[in-house]
Amino acid sequence: MNQSEVKPTSTAQTVMIWIGRVISVLVALAFGMSAMMKLKGGPEFAEGMEKLGLPESMILPLAILEITCVLLYLIPWTAVLGAILLTGYMGGAICTHWRVGDPFMIQVAIGVLIWLGLYLREKRLWGVLPIRNMT
C-alpha cells in the first residue's frame, strides 16, 4: 500500500483521524498511569491487589505488559497488534473484577475506546469495517 492510499481525502476524514488519535492518546494515558501506579506501589495498591486475589509478584510483570502493549498500540505499524493485546489485557481485568464482585463497566468502556480510537485513526480499517451512509 503506497502513501497516497492512506492519506485522508476530505476534511471529515481528517477530523475522524484526529478524533481517533485523541481517543488513542487518552487510552494510552490511562494505561500509562495504571502502569506507573503499579511501579510506584504502596500499601494501598498492595491491598487492592490482595482484594482482587492477585499476588504482589504480579505487579511488575503487569506494569511491563501494560507499557509494552501501549507502545505497540501507539506505533502505527503495530497498532492493530497493540489493540488486540490491550483487548486481551482488558478481558483479564474484566474477568478479575467480575470474579470478586466489583463493577467492571469501566474496563468494558476502555476496551471499546481502544478499538474506536484505532478505527478512527487507521484508514485501512475503514474498508474492513465500513460504516455506511444511511441517507
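This report describes the fold, the surface and several individual residues of a predicted protein model.

## Overall fold

The predicted model contains seven helices and zero strands, and the order of its elements, read from the N terminus, is α-α-α-α-α-α-α. Along the principal axes, the C-alpha atoms occupy a box of roughly 50 × 30 × 20 Å. When contacts between residues at least 6 apart in sequence are considered, 65% of them join residues at least 24 apart.

## Surface, burial and charge

Of the 135 residues in the protein, 33% are buried. The protein exposes about 8900 Å², and carbon and sulfur atoms supply 72% of that area. The charges comprise 10 positive and 8 negative ones, and the mean position of the positive set lies 15 Å from the mean position of the negative set.

## Annotated transmembrane regions

An unreviewed UniProt entry lists residues 15-37, 58-84 and 104-120 under "transmembrane region". In the model, residues 15-37 are 100% helix and 0% strand, with 33 Å between the C-alpha atoms at the two ends. For residues 104-120, which the UniProt record also lists, the span is 94% helix and 0% strand, and the end C-alpha atoms are 25 Å apart.

Leaving aside neighbours within four places in sequence, Phe 31 is in contact with Glu 66, Val 70, Leu 86, Tyr 89, Met 90, Ile 110 and Ile 114. Thr 96, which is 65 residues from Phe 31 in sequence, is 17 Å from Phe 31 in space, C-alpha to C-alpha.

The C-alpha atoms of Val 15 and Gly 91 are 30 Å apart, with 76 residues separating the pair in sequence. For Met 36 and Ile 67, which are 31 residues apart along the chain, the C-alpha separation is 9.1 Å.

## Helix H5: His 97

His 97 lies in helix H5, which spans residues 79-100. At 17% relative accessibility, His 97 counts as buried, because the class takes in values under 20%. The side chains of His 97 and Gln 107 are joined by a polar contact of 3.4 Å. With residues up to four places away in sequence not counted, His 97 touches Leu 52, Asp 102, Pro 103, Phe 104 and Gln 107; Phe 104 and Gln 107 fall within residues 104-120, a span that UniProt lists as a transmembrane region.

## The loop between H4 and H5: Pro 76

Where is Pro 76 found? Pro 76 is placed in the loop between helix H4, residues 59-74, and helix H5. With a relative accessible area of 45%, Pro 76 is partly exposed, so it is assigned to the class between 20% and 50%. Beyond the residues up to four places away in sequence, Pro 76 touches Glu 122 and Arg 124. Glu 122 is 46 residues from Pro 76 along the chain, and the C-alpha atoms of this pair are separated by 8.1 Å.

Technical notes: Residues numbered from 1 in each chain as written. Predicted model: local features only at pLDDT ≥ 70, side-chain atom pairs only at ≥ 80, totals over all residues. Heavy atoms only, no water. Helix = DSSP H or I, 4+ residues; strand = E, 2+ residues; numbered from the N terminus. Buried < 20%, exposed > 50% of the residue type's maximum accessible area, 1.4 Å probe, protein only. Contact = heavy atoms within 4.5 Å. Areas by Shrake-Rupley, 256 points an atom, 1.4 Å probe, with all protein chains shown as cover. Lys, Arg positive; Asp, Glu negative; His and termini not counted. Charge placed at Lys NZ, Arg CZ, Asp CG, Glu CD. UniProt positions renumbered as here; feature names shortened; annotations may be inferred. Polar contact = N/O pair within 3.5 Å; in protein donor to acceptor, adjacent residues only side chain to side chain.
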